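Subject: Structure handover

Hello,

Here is the structure I promised to pass on. Please open it alongside this note, and then read on for what turned up.

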Amino acid sequence: MTKKPYVICAPQYSKSAGCRVLFKLAELLEEKGYTAYVFAPPSEEYKKCRYITPKEITNELRRNAIMVYPEVVFGNPLQFQNVVRYVLYFPGKNGGAKTYHNSEMIFTFFEEYYPSADVLFISTMDRSLFYQDDTPKTTDCYFVYKNGKWRDVPEFKDMVEINMSYPKERSDLAALLRKTKNFYSYDPYTLLLNEATACGCNVFTVTEDGFKPYTEGALFLERASHTDAQIESFIKKTQKMHYSGQPEAITMKDKMKYWQSWFKYFLHKFVLLNSNKDVTRKHYYIANRYLV
């Protein structure tokens, strides 16, 4: 049987764990002997994948390939016949629709995000960077990102804020976490919780009721042990896809929702990064968007 190729819709490569999961999926599919393209603005930071441009997406590819959209993309803007929805966060929470077309096959990163879907957990944590050593624990850090309802916490006044522009390099982030005693995160669904745990930090999530100890580091490693079997299942099920109906129509309402969602996203990134006076990263994030 002819192997169907994959096209994975992603933003330009960045520090976002969800973004890195999409690129990692392409890597894993290639390792299994399948062609996997990433539909994203090419990045100098990531050259290990096959990028594909809008001009290279032919009608034949739309009929025969398997398109993988993350949950933040509204509908089926590239009009592929066979669509997989990869739910990397709660549907509709950070953009995208809350429900999907009945022709789509759904996979979820965590069971909590979409309980009725098959789980495809892909860890992007680099254990060669994130580990505990004898570095003295001399600082405390906090992280906001997808939450921040209770951002003005007096205890954080003199702490180091980790964000999407600082530290700039992953190696610098790992070095900072190795010397961090207490790590606090407003975001309860970030890979940083596990990276901090691996570096020996005391890890807490910030809630309305105060600081809650994070205790799922071991569960994270256990989940990662199932990735290979889940990839095999993903391939087996998606290769059987053969939708012959009409692709989901793109409505003006969907287009408006799509652009409104990304406008809010980029506005947040612009304000956040501009406040850190990092012009290079600011422009990087403005360019970091899905192509339609």
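Start with arginine 170 and glutamate 195: their side chains meet in a salt bridge, 2.5 Å from N to O. (A salt bridge here is a side-chain nitrogen of Lys or Arg within 4 Å of a carboxyl oxygen of Asp or Glu.) This pair links distant parts of the chain, 25 residues apart. Arginine 170 sits in helix 3 (residues 170-178), and glutamate 195 in helix 4 (residues 192-198). Helices (H or I, at least four residues) and strands (E, at least two) are DSSP runs, numbered from the N terminus. Glutamate 195 is buried, with a relative accessible area of 1%. Arginine 170 is partly exposed, at 21%. For these words, buried means under 20% relative accessible area, exposed means over 50%, and partly exposed is in between (1.4 Å probe, protein chains only).

Some background before the rest. This is a predicted model, where local features need pLDDT of at least 70 and side-chain atom pairs count only at pLDDT 80 or more, while totals for chains, interfaces and linings use all residues. Residues are numbered from 1 along each chain as its sequence is written, and side-chain values use heavy atoms, with hydrogens and water left out.

How many salt bridges does a search of the whole structure find? The count is 9.

One of them joins the side chains of glutamate 30 and arginine 50, at 2.6 Å from N to O. Glutamate 30 lies in helix 1 (residues 17-31) and arginine 50 in strand 3 (residues 50-51), so the pair ties together parts that are 20 residues apart in sequence. Both ends are partly exposed: glutamate 30 has a relative accessible area of 28%, and arginine 50 has 39%.

Next, look at glutamate 104 and arginine 85. Their side chains form a salt bridge of 2.9 Å, N to O. Arginine 85 is in strand 5 (82-87), and glutamate 104 is in the loop between strand 5 and strand 6 (105-108), so this contact ties together parts 19 residues apart in sequence. Are these two residues buried or exposed? Glutamate 104 and arginine 85 are both buried.

There is also a network: salt bridges link Lys32, Asp228 and Glu232.

Last, threonine 2. This residue lies in the segment before strand 1 (6-9). Threonine 2 is exposed, at 68% relative accessibility.

Best wishes
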